[in-house]
Amino acid sequence: MQPARLLKSGARGQALVLFSLTFLLLTLMVLLTLGFGMRAKERVEIQMAADAAAYSQAVSTARTFNAIAVMNRAQIAHMVAMAGTQSMISFGSQQYAARQTSPCAMPGNDWSALDQAAATQVQMLQGRASSMFRAELAIYNHLVGTHLANQNLTRLIAKEINPELVAQPEGANKSLAEVSGGASSGSSYDDLMQQEKTGSVPATSGAVMPTGGGQGTATLNATMGSLGWTWVHNRGSGSAGFGSGAAAHNPGFHHYGSASAMDSSTYQTISGRNSWAHDHGRAVTGICPDGTPYTAGATDAWVMSDERQSLEDQHVYGAKAPPGQGAENNTTVDERHTLGACVVCPGIWPYSVGFNAGLLHGNADENDYGQPKLYAMLHRDYASDARRAKPDPWNLLFTFKFANQETEFDNAAPLGRILPTGREDVQRNQVALAAGLAYYHRPRPAAVGGGWEEPPNFLNPFWRATLVSTEGARDDKPANSLQQAGFSEHAEALRRLDNAGYRGGSSTGGKY
């Protein structure tokens, strides 16, 4: 009986060994699940952060463009108001000239005070329109220098999501190229004006032109289309506008019987040198303060205001003969009826930040019609000092055998097994790239055919923002952007995908 007891006793503990092996395998499976799950979570986190940053950049850009458009509209309104005030000066001058031949002549001092007030308002309107350009420059420079340059906005957003996410300054290259033509800072008003004076304004491929170049007569046309025709030009016995020295008898401006008869080709001669108004000879009727009616003839009347540097300003009416340099209440006309100092003379028009109209020509559809696409690029360094100092306990060192070779892969690198190779190492760096688009949205109603009402511009505030693919347009080269930021292996992976037939957001491929 003793051998049997010994045999039975020797069989004890087998279940414990099997349990230990099973528990070890279960532990390994849990650790692997935690490791892979954390990597998946971190992948989603970094991509969501990049998406949020790209969209925020697009929103910031769209809001800046809308603010510029609103101020451009305000500039136009001021210039229309200036023309309207000039028109009233001319009309009032003719009324005054006729009144002087009536039984109840108007005191000269009273007229001079009214004339002075109107002339001051003309100068103030032009000055305020000019000051808006400075405000446009300020918000544009803030967009470029504070939000886009060095991925500053992307860095702030990433820091709030996870402090270990890094936004490399080189990741801003694409966004800056789309908006400012590559400049990482704006230009001051004084620098821009000096460039205008010397004719050294640099060419740009970006969407924004700080001094409005490339727009042609867009601002002038908008001025004439925004009450400029109906309020100023359609006066029955006079006209007003902006043009060169022949202010009194400019054939480029005339009265129209109806809005449908208006022809924009008649104001293409506008040079912007001065603001003028003209009233033709007519019979003026009125009633004296004592009730006596009168009818008096009045000769042509006109007013022309030039820059402060010029002495060509005129105010002619009644018996006051051209060139109208006489005094009114001890004030000479060229001192009273004048505008502010011009920057690039001659020219009374305030500068405005404009959309690069050159991007709307040629194969503009291949490049989003110049609407800027903005990249946000983030990365996480799995071999950073913080990761080495405090690695995740479930991250293990994996050894893969392939083609008689062993390859080690360690996501956390707790013992420094990944060498500090830099950003080019695809094993060490997790990278996310996202794109946002600032786009102009003013659609034509579907009932009349749909499509665009007008191309992108800075005259109407219809800019919006959305997330888009990093590929699709002619200038979209995400692999190049990754390469410039130092992620060479990531860029090469994209190029290999493209060669293998990957199309991404483009039907023709990324063409990396």
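Helices here are DSSP runs of H or I with at least four residues, strands are E runs of at least two, and both are numbered from the N terminus. Counted that way, the protein chain comes to 11 helices and 15 strands. Keep in mind that this is a predicted model: local features need pLDDT of at least 70, side-chain atom pairs count only at pLDDT 80 or more, and totals for chains, interfaces and linings use all residues. Residues are numbered from 1 along each chain as its sequence is written, and side-chain values use heavy atoms, with hydrogens and water left out.

Let's start with the whole chain. Of its 512 residues, 45% are buried, where buried means under 20% relative accessible area, exposed over 50%, and partly exposed in between (1.4 Å probe, protein chains only). Take the contacts (heavy atoms within 4.5 Å) with a separation of 6 or more: 73% of them link residues 24 or more positions apart.

Now for the helices. Two packed helices are described by the angle between their axes and the distance between the axes. For α2 and α3, the angle is about 170 degrees and the axes lie 10 Å apart. That makes α2 roughly antiparallel to α3, a label for angles over 145 degrees, while under 35 is roughly parallel, 65 to 115 roughly perpendicular and the rest oblique. Axes are lines fitted to C-alpha atoms, for helices over the stretch in contact, and angles run from 0 to 180 degrees between N-to-C directions.

Both helices turn up again around α4 (residues 152-161), where Asn 152, Leu 153, Thr 154, Ile 157 and Ala 158 are buried. The cover over those residues includes α2 (14-100), α3 (108-148) and β11 (373-381).

Strand β11 leads us to a sheet. Three strands form this open sheet in the order β11-β14-β15, with antiparallel pairing; two strands pair if DSSP finds at least two bridges between them. Its edge strands, β11 and β15 (463-468), each pair on one side only. Between β11 and β14 (residues 429-440) there are nine bridges, and Lys 373 stands opposite Leu 437 in β14. Helix α2 packs on the sheet too, touching β11, β14 and β15, and its direction makes about 25 degrees with that of β14.

One last stop is Ala 364, in the loop between β10 (354-355) and β11. Ala 364 counts as buried because its relative accessibility is 3%. Leaving aside neighbours within four places in sequence, Ala 364 is in contact with Leu 359 and Tyr 369. Ala 473 is 109 residues away from Ala 364 in sequence, yet the two are 9.8 Å apart in space, C-alpha to C-alpha.
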